[in-house]
Amino acid sequence: MACPYFDPGERVPGSSGSLGDLYAGLCRADCERSWKPDNQTIAAHCNIGYARGRCSHFPEDRGPDAVRFSVSKHEHAAIRILYSLERDHHPMANGALEYCPAAGAFLGTMPGEPVGRLAGAYVRSYLRRLAR
């Protein structure tokens, strides 16, 4: 899981997280400007999710507070990834994404930019683990 407002940037070497690896990055909760969280916030909220009421930057809206991913099928031509948007540990929405390793891109439409950024980090971590 990860915070839906988290924009994962570089991977933190030697660490694992809910996206497969722990990522440094930016908070995009404020539409007007992004914020670079400190390492403690990154580890405790951004990479974990469920930051509502615990992170001062998390908005008090009715939206999701975590995004969860899992690989459901990996074939040569595509990797099928399931995602779930959650609020207070309960599902709000879900769907499937297709990633083409040969093209290095997702196929079809994404459910939104935040899910796309997080899904990209999740796939990179997944492929990195397979390469070991």
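Predicted model: local features only at pLDDT ≥ 70, side-chain atom pairs only at ≥ 80, totals over all residues.
In what sense do β4 and strand β5 (residues 90-100) pair, and over how many bridges? They pair in the antiparallel sense, over nine bridges. The salt bridges come to 11 in the structure.

**Strands and hairpins**

- The two strands β4 and β5 make a hairpin with two residues between them. In the turn, Asp88 has a positive phi of about 50 degrees.
- The hairpin of β5 and β6 has four residues between the strands. Gly104 in this hairpin takes a positive phi near 65 degrees.

- Arg68 and Glu86 meet through their side chains in a salt bridge, at 2.7 Å from N to O. Arg68 lies in strand β3 and Glu86 in strand β4 (residues 79-87), so this pair ties together parts that are 18 residues apart in sequence.
- Glu86 has a relative accessible area of 6%, which is under the 20% cut-off, so Glu86 counts as buried. Arg68, at 37% relative accessibility, is partly exposed.

- Asp21 forms a salt bridge with Arg128, and their closest N and O atoms are 3.0 Å apart. Asp21 sits in the loop between β1 (6-11) and β2 (23-27), while Arg128 belongs to helix α2 (residues 113-131), so the pair ties together parts 107 residues apart in sequence.
- Asp21 is buried, with a relative accessible area of 1%.

**A salt bridge within one loop**

- Asp65 and Arg52 form a salt bridge through their side chains, with an N to O distance of 3.5 Å. Both Asp65 and Arg52 lie in the loop between α1 (39-46) and β3 (66-74), 13 residues apart.
- Are these two partners buried or exposed? Asp65 is buried, and Arg52 is buried too.

**A salt-bridge network**

- Asp7, Arg28, Glu113 and Arg117 belong to one network, joined by salt bridges that share partners.

Terms used
Residues numbered from 1 in each chain as written. Heavy atoms only, no water. Salt bridge = Lys/Arg side-chain N within 4 Å of Asp/Glu carboxyl O. Buried < 20%, exposed > 50% of the residue type's maximum accessible area, 1.4 Å probe, protein only. Pairing = 2+ DSSP bridges.
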